[in-house]
Amino acid sequence: QTQMLLFGQAATMTDMHIWIYGGLALVVALFLFLTFRPLQASLFDPDFSTSSGIRVKILERILFWLLLLSLIVGIRSVGVVLMSGMVIAPAVAARQFSDRLKTVFILAGCFGALSGLLGNYLSVLVNVPTGPMIVLVGTTIALSALLLAPKRGLLFRIWRIWAFRLRCVEENILKGMWKKGTISQNLTPIVRIAIWRLKREGWVTHQLKLTEDG
């Protein structure tokens with residue numbers, strides 16, 4: 001019993017548990033659908049929402065109790081220790097792909113469902129506990145989003161920074177050659193790459209002279 005509370009036992013869930021999970025998911029989805037606009041306003045600006053007549057306190061209480069109920073019900077599948085990971089990981093992954101709250105809600109739900117599906121499948125495949133595997137899948141999805149998301153992903157941000165620096169070096173080389181006729185910068189690796197790109201674009205000749213386009 002203690003192990004079930006700590007790490008969950010999704011493999012031993014019955015049809016009754018599935019109906020409870022489905023009903024709770026339907027209630028949460030219906031609540032978000034019906035109260036999305038006032039909920040959005042109360043989350044981002046509670047003072048303005050209160051002055052606009054939105055019952056912020058009631059919304060906060062309902063949201064609190066739904067979150068608490070979800071945590072309690074989720075203990076059966078992934079346990080107390082790992083439930084925090086399932087609350088955080090899908091939201092972290094979803095936030096990397098959108099600035100809109102509605103889209104974040106939808107993506108977080110999809111990522112959570114995908115974590116449960118893949119976690120159950122992999123736990124049977126490699127014969128490991130279901131709860132930890134679900135959280136591992138969710139964490140993997142979150143880390144992948146942090147690295148590979150097109151707008152906020154770390155790798156894409158590094159690439160954009162490097163491309164901007166390279167663009168600045170190319171412009172400085174062209175300005176220096178136009179004003180002085182020579183390259184005044186040291187031939188560091190990024191300068192060599194910039195010169196190679198300028199030659200490829202047809203802006204600089206192989207003798208490091210400006211072309212007509214350059």
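Gln96 is buried, with a relative accessible area of 11%; buried means under 20% relative accessible area, exposed over 50%, and partly exposed in between (1.4 Å probe, protein chains only). The model is predicted: local features need pLDDT of at least 70, side-chain atom pairs count only at pLDDT 80 or more, and totals for chains, interfaces and linings use all residues. Residues are numbered from 1 along each chain as its sequence is written, and side-chain values use heavy atoms, with hydrogens and water left out.

Gln96 sits in the loop between helix H5 (56-95) and helix H6 (101-126). Helices are DSSP runs (H or I, at least four residues), numbered from the N terminus. A polar atom of the Gln96 side chain lies 3.0 Å from the backbone oxygen of Val92. Leaving aside residues up to four places away in sequence, Gln96 touches Ala145, Leu146, Ala149 and Arg152, where contact means heavy atoms within 4.5 Å.

Helix H8 (residues 154-180) has 27 residues and should span 39 Å at 1.5 Å a residue, which agrees with its end C-alpha atoms being 39 Å apart. The expected span is 1.5 Å times one less than the number of residues. Among the buried residues of H8 are Leu166, Glu170 and Met177, and their cover includes helix H9 (189-201). Just after H8, Gly181 takes a positive phi of about 80 degrees.

| Residue | Relative accessibility | Class |
|---|---|---|
| Cys110 | 46% | partly exposed |
| Cys168 | 27% | partly exposed |

A disulfide is a pair of cysteine sulfur atoms within 2.5 Å, and by this rule the count comes to zero.

Note on methods: Helix = DSSP H or I, 4+ residues; strand = E, 2+ residues; numbered from the N terminus. Polar contact = N/O pair within 3.5 Å; in protein donor to acceptor, adjacent residues only side chain to side chain.
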